[in-house]
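The sequence and structure come first.

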Amino acid sequence: MSASDPGFRAAVEEAQAGYDEGGVPIGACLVAKDGTIIGKGHNLRVQKGSATLHAEISALENSGRLPATAYQGATMYTSLSPCDMCTGACILYKVSRVVIGENKTFVGGEEYLKHRGIEVVVLDDETCKELMRKFINEKPDVW
């Protein structure tokens, strides 16, 4: 697992898109067991005035309505450690692995994911950390 993985690259691209739109730069990409991208998205709380459109939720929303089997064995790539809501969504949809770009800015439900049998990989990616530092520096009131 590395930062060059297509699913992770898509999550980082989504984070950048969120930043470019003036939103919170967190991106996610859901990849099926066979390596196919099911859905991707970014945090839209600012852009849509939403309380719940976090990156992982956005990726699930953009996946469309799929049979439960489509999520089993899938990997959720996310640029930042998932919050409790997004952790719960990964558990609900039986995602097998969560790959996190960075968890220095925020640590979410990683231990709970592990407790529920989900593999957690933290890449400690400098691009993700820098994007969050830049955003927080520019818009501390939004963060």
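## Positive phi in loops

The model is predicted. Asp124 sits in the loop that joins strand S5 (119-122) to helix H6 (126-138). Its backbone has a phi near 50°, a positive value in a residue other than glycine.

Lys94 also has a positive phi, near 60°, and is likewise a residue other than glycine. Its loop lies between helix H4 (84-92) and strand S4 (97-102). With a relative accessible area of 51%, Lys94 is exposed, because the exposed class begins over 50%. As background, most residues other than glycine have a negative phi.

## Packing of H1 and H6

Helix H1 covers residues 6-20, and its axis comes within 11 Å of the axis of H6. The two axes cross at roughly 15°. Angles under 35 degrees count as roughly parallel, so H1 and H6 are roughly parallel to each other. The crossing of this helix pair is left-handed.

## The cavity

How many cavities of 30 Å³ or more does the structure hold? The structure holds 1 cavity of that size. The volume of the largest cavity is about 40 Å³. Its lining consists of Val12, Ala15, Pro25, Ser79, Thr127, Cys128, Leu131 and Met132. The elements that give two or more residues to this lining are H1 and H6.

Which element gives the largest share of the lining of the largest cavity? That share comes from H6, with 4 residues. By class, the lining has 6 nonpolar and 2 polar residues, and no charged residues. H1 and H6, the helices named here as contributors to the cavity lining, are also the pair whose axes come within 11 Å.

## The largest pocket

The largest pocket has a volume of about 210 Å³. There are 15 residues in its lining. Which of them lie nearest the centre of the pocket? These are Ile26, His54, Leu80, Cys83 and Trp143.

Sorted by class, the lining of the largest pocket has 10 nonpolar, 3 polar and 2 charged residues. The lining of the largest cavity, by comparison, has no charged residues.

## Residue pairs across the sequence

Tyr77 belongs to strand S3, which spans residues 75-80. Is Tyr77 buried or exposed? Tyr77 is buried, with a relative accessible area of 3%, because the buried class is under 20%. Arg97 is 20 residues away from Tyr77 along the chain, and the C-alpha atoms of the two residues are separated by 8.4 Å.

Ser96 is placed in the loop between H4 and S4, and Lys94 is found in the loop between these elements as well. Ser96 counts as partly exposed, at 33% relative accessibility, because this value falls between the 20% and 50% limits. Leu113 is 17 residues from Ser96 in sequence, and the C-alpha to C-alpha distance in this pair is 9.5 Å.

How values were computed: Residues numbered from 1 in each chain as written. Predicted model: local features only at pLDDT ≥ 70, side-chain atom pairs only at ≥ 80, totals over all residues. Heavy atoms only, no water. Buried < 20%, exposed > 50% of the residue type's maximum accessible area, 1.4 Å probe, protein only. 1 Å grid on protein atoms, 1.4 Å probe; cavity = no way out; pocket = protein on both sides within 12 Å on 5 of 7 lines; lining within 4 Å. Points joined across faces, edges and corners; volume = space filled by probe spheres on them. Nonpolar A, V, L, I, M, F, W, Y, C, P; charged D, E, K, R; others polar. Axes fitted to C-alpha atoms, helices over the stretch in contact; angles between N-to-C directions. Parallel < 35°, antiparallel > 145°, perpendicular 65-115°, else oblique. Left-handed = near helix turned anticlockwise from the far one by under 90°.
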